[in-house]
Amino acid sequence: MIGAFGVLAAFAGTAVAVTAPIVVVEVDSGKVIYSQGATDPWYPASITKLMTTYVALDMVRQGKVSLDTLLTISPQAAAEPPSKMGFKPGTQLTLDNALKIIMVKSANDVAWAIGENLGGTVDGFSDMMNETARRIGMRESRWYNPNGLPEPRQWTSARDMAILGRALMRDFPDQQALFSISAIQFGKAVMANHNGLLGRYAGADGMKTGFICSGGFNVVASATRNGRRIITVVMGQPSARERDLKAADLFDYGFSQSAGWTAPTLEALPSSTIGAPPDMRPYICDRKKPMPVDEGQAAITSNAPAGADNAFSQLLGATQAGAAPVALATLNSANMRGRSLPPRAPLQPIAVWTGSSPAAGAAALAQQEEEAKNSKAAKLAAAKEKREAAREAAKQAKAEKAAKVRAAAVTAPHPHGKAGVPATTSAYTAVDGPEKKPAKAAGKAAVKASPATVAKPTAKPATKAAAKPAAKKKSAAASE
């Protein structure tokens, strides 16, 4: 079934099966309970923000900055793509609030601002990330930005992220609550943590998720049971749902095992023979499907056909020889079908704000809301004025058209060469067409019926009759 996804150009244009990086490690001892492709290079996505957080907290520990240090959102930070808070350039917030926001909301604009403000530039901060990574034992990681947005040169590995998780717990024990915040509240908006294990898997207490098309769905997760803490790293999964379920399965397996003296440490895992991360985009972000979302509260049941599950399982390749059956199950997407995690526990939002204090933040937010309200009112008024102007223009155009029609009716030439007669002029009677003849006939009848016309023929005979006797009398007189 690899043929279904054999077009995936994972390495230099060659279609090969890919091993999804996984590692399960005991926090206190650093012993590896289970691993698969743990040192293979992979695109980290937003789990990068764990590295950003370590560098920031390390600067606080050294006294170079404090959690109350104000960071300023630059135009470059504001322009970063979502997920983001959408702060305007010039907005300020404390480092403490910034770290809470990137751990829960995974805001790329805020992570970028941390890099710019603490490192001088993003490149400067990236240098600090790389230096710190080498110091704490991360061998495969290469950092170029503080938020994890797509960067083909930015790599890490499951082993390195487990090392980073342990370092955060070991070096900053007073900041462990930062990684288990279920939600933040900014003004009236409540934003839940993308980590779908928090509040749903017993004992889950951190840390960070991440997603980009080229790397799939990643998570660095921690859980504690009976005083024993475990970190599980799962990378390259096709959805947030499968990532969360597989991490839960691996926790179940890890808590059921003891890390014996023969178990290797993270540092002892052999280096990878793979030279570059695979590009998972052709499968993860198939154009025929909706764009995936890194959302921990997403639907937990699969709608994909069985063939697709099997094909993706084979695309990810086989597990290491001798792996436990419980862990093997986590690689088979078909085993995820119909399964679910418990409903999420009620959120307990932590307030965050802009400015130096909650009062300053509330005032700034109120001003922004007022400006937004005024802007909306102005837009509505402008739209109304535009509609009224359009109606008035239409009315005027209609009146002008009617006037042109009336003018044309007056000046238009008559079909028989006579000027047209206005239809509204009552002093004229239309005589066009078949009505002409009846009108002439009526005129003749009126002439015959005139008394003056009848009297003339009758008067002439009377004159002649009177003339004849007068002539006879004259003739008689002459003869006398």
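**Reading the terms against the values**

Guide: Leaving aside neighbours within four places in sequence, Gly-199 is in contact with Pro-343, Arg-344 and Ala-345 (heavy atoms within 4.5 Å). The model is predicted, with local features requiring pLDDT of at least 70 and side-chain atom pairs pLDDT 80 or more, while totals for chains, interfaces and linings use all residues. Residues are numbered from 1 along each chain as its sequence is written, and side-chain values use heavy atoms, without hydrogens and water.

Visitor: How far apart are Gly-199 and Ala-345 in sequence and in space?

Guide: They are separated by 146 residues in sequence, whereas the C-alpha to C-alpha distance is 4.8 Å. Gly-199 belongs to the loop between β8 (189-192) and β9 (204-212); helices (H or I, at least four residues) and strands (E, at least two) are DSSP runs numbered from the N terminus.

Visitor: Why is Gly-199 called partly exposed?

Guide: Its relative accessibility is 40%. Buried means under 20% relative accessible area and exposed over 50%, with partly exposed in between (1.4 Å probe, protein chains only), so the label for Gly-199 is partly exposed.

Visitor: What makes Phe-87 and Phe-186 an aromatic pair, and of which kind?

Guide: The whole structure contains six aromatic pairs. For Phe-87 and Phe-186 the centres are 5.5 Å apart and the planes stand at 65°. Rings of Phe, Tyr and Trp (its six-membered ring) pair if their centres lie within 6.5 Å, and planes under 30 degrees apart are stacked, over 60 edge-to-face and the rest tilted. The pair is therefore edge-to-face.

Visitor: Why can this pair be said to tie together separate parts of the chain?

Guide: Phe-87 lies in the loop between α2 (75-78) and β6 (92-94) and Phe-186 in strand β7 (residues 183-186), so the pair joins parts 99 residues apart in sequence. Phe-87, at 9% relative accessibility, is buried, and Phe-186, at 15%, is likewise buried.

Visitor: What makes the pair of Tyr-201 and Phe-251 stacked?

Guide: Its planes are 25° apart, with 5.5 Å from centre to centre, and the pair counts as stacked. Tyr-201 is in the loop between β8 and β9 and Phe-251 in helix α7 (residues 240-256), 50 residues away. Both Tyr-201 and Phe-251 are buried. Ring pairs also bring Phe-255 into a cluster with Tyr-201 and Phe-251.

Visitor: How do you know that Arg-142 lies over the face of Trp-155?

Guide: The distance from the ring centre is 3.8 Å, and Arg-142 is placed over the face of Trp-155. The rule requires NZ of Lys or CZ of Arg within 6 Å of the ring centre and within 35 degrees of the ring normal.

Visitor: What kind of peptide bond joins Pro-82 and Ser-83, and what is its omega?

Guide: The bond is cis, with omega about 5°; Ser-83 is in the loop between α2 and β6. Gly-206 and Met-207 are also joined by a cis peptide bond, with omega about 5°, and Met-207 is in strand β9.

Visitor: Are Ala-45 and Asn-226 buried or exposed?

Guide: Ala-45 has a relative accessible area of 1% and is therefore buried. This residue, although not a glycine, has a positive phi of about 60°, and is located in the loop between β4 (32-36) and α1 (48-61). Asn-226 reaches 81% relative accessibility and so counts as exposed. Asn-226 has a positive phi too, near 55°, in the loop between β10 (216-225) and β11 (228-237).
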